Amino acid sequence: MFQRHGKAIIDKWNNIRDRQVEYLKKLEDGKGAGSEAKSIKKYIYSDQLGFLQENTRERGQLLALAMVEEETRRYRPTKNYLEHIPPLNLSAFETEIMRSEFERMQQRLPMDVLSMKRYELPPPPAGKMTDIAAWTECVENSLAQLEHQATRICNLELMVEYGCEAWKSYLEVLVQLVTQAQKQLTTMRKQIQEINWQRKNMQTQGGDKLRNLESSWVGLVSKNYEIEQACAQLEKEVARIKAEKKIKSL
């Protein structure tokens, strides 16, 4: 008794699960169809069986991967399709600074400390404290440092005044680029979906054509068989008539 009820429950669950999977498949196939997808009637237990959607997708992915592995195992490549492509040059875009930095990292050496020598204002050496040329060089160095700092202050003032607007313009350009990229991505996905639908329709039409041809072939073979049987029957009838004529002539 318990076995009979258990089997009935399992059969009922299998039926509900199969109908939910079939409903999900119809939804997946009708995504690119627009109005056709809206006309699909929702399964009554679809909301309660939402956990099957992920399991179905994962099962389909695993099945596809298994088919790919089986295909690659069965049909080994007989030639290298990338032999016309030159080998990859990983150091093509490396600069001298990058190479030296990579070597430093491989040797695990510490990074060089930021040099502040250009900002120092040293006096003349002890032996040239009375040398006018040495003092002139120090003064020129000080003037160069002052000019450099004045230029930096000017740049900071310009950035305070125009930096926000410049960044706003830059961000607007970035937003436009992102929008264009998203539009291109949407268009590309739509084209891919249309190509997939065209392939599916071609395969469906090809399957229908093959079935029609097979049905026609079966009908023609059946007719040929019937004609052969009729010919054999007529040959027997002719032979019987000839035999009767021979008997009568005797």
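R99 forms a salt bridge with E96, and the closest N and O atoms of the pair are 3.3 Å apart. This is a predicted model, so the distances and areas reported here are computed from predicted coordinates. Helix α4 covers residues 96-106, and R99 and E96 are separated by about one helical turn because they stand three residues apart in this helix. Side chains of opposite charge can pair when their charged atoms come close.

E101 forms a salt bridge with R104, with the closest N and O atoms 2.4 Å apart. E101 counts as partly exposed because its relative accessibility is 28%. R104, at 18%, counts as buried because the limit for that class is under 20%.

In helix α5, D208 and R211 are also three residues apart, about one turn of the helix. Their side chains meet in a salt bridge of 2.3 Å, N to O. Salt bridges that share partners join E94, E96 and R99 into one network. D208 is partly exposed, with a relative accessible area of 34%. A search of the whole structure finds seven salt bridges.

Is Q145 buried or exposed? Its relative accessibility is 14%, so Q145 counts as buried, the limit being under 20%.

Which residues does Q145 touch, not counting those up to four places away in sequence? The contacts of Q145 are with R118, Y119 and L121.

## Surface patches

K242, K245, K246 and K248 form a positive surface patch. One of these residues, K242, has its place in helix α5. K242 has a relative accessible area of 54% and is therefore exposed, as this value is over 50%.

The other patch is nonpolar, has an area of about 600 Å², and is made by W167, Y170, L171, V173, L174 and L177. L177, one of its members, is likewise placed in helix α5.

## The protein as a whole

How many helices and strands does the secondary structure of the protein contain? There are five helices and zero strands. From the N terminus on, the elements run α-α-α-α-α.

The protein has 250 residues, of which buried residues make up 6%. Q145 and R104, described above, both count as buried. The accessible surface of the protein comes to about 23500 Å², and 61% of this surface belongs to carbon and sulfur atoms. Among contacts between residues at least 6 apart in sequence, 51% join residues at least 24 apart.

Key:
Residues are numbered from 1 along each chain as its sequence is written. This is a predicted model: local features need pLDDT of at least 70, side-chain atom pairs count only at pLDDT 80 or more; totals for chains, interfaces and linings use all residues. Side-chain values use heavy atoms; hydrogens and water are left out. Buried means under 20% relative accessible area, exposed over 50%, partly exposed in between (1.4 Å probe, protein chains only). Contact means heavy atoms within 4.5 Å. Patches are made of residues with over 30% relative accessible area and no salt bridge: like charges are joined within 9 Å, nonpolar side chains (Val, Leu, Ile, Met, Phe, Trp, Tyr) within 5 Å. Accessible areas come from the Shrake-Rupley method with a 1.4 Å probe; for residues, only the protein chains shown count as cover. A salt bridge is a side-chain nitrogen of Lys or Arg within 4 Å of a carboxyl oxygen of Asp or Glu. Lys and Arg count as positive and Asp and Glu as negative; His and the chain ends are not counted. The place of a charge is taken as NZ of Lys, CZ of Arg, CG of Asp or CD of Glu. Helices (H or I, at least four residues) and strands (E, at least two) are DSSP runs, numbered from the N terminus.
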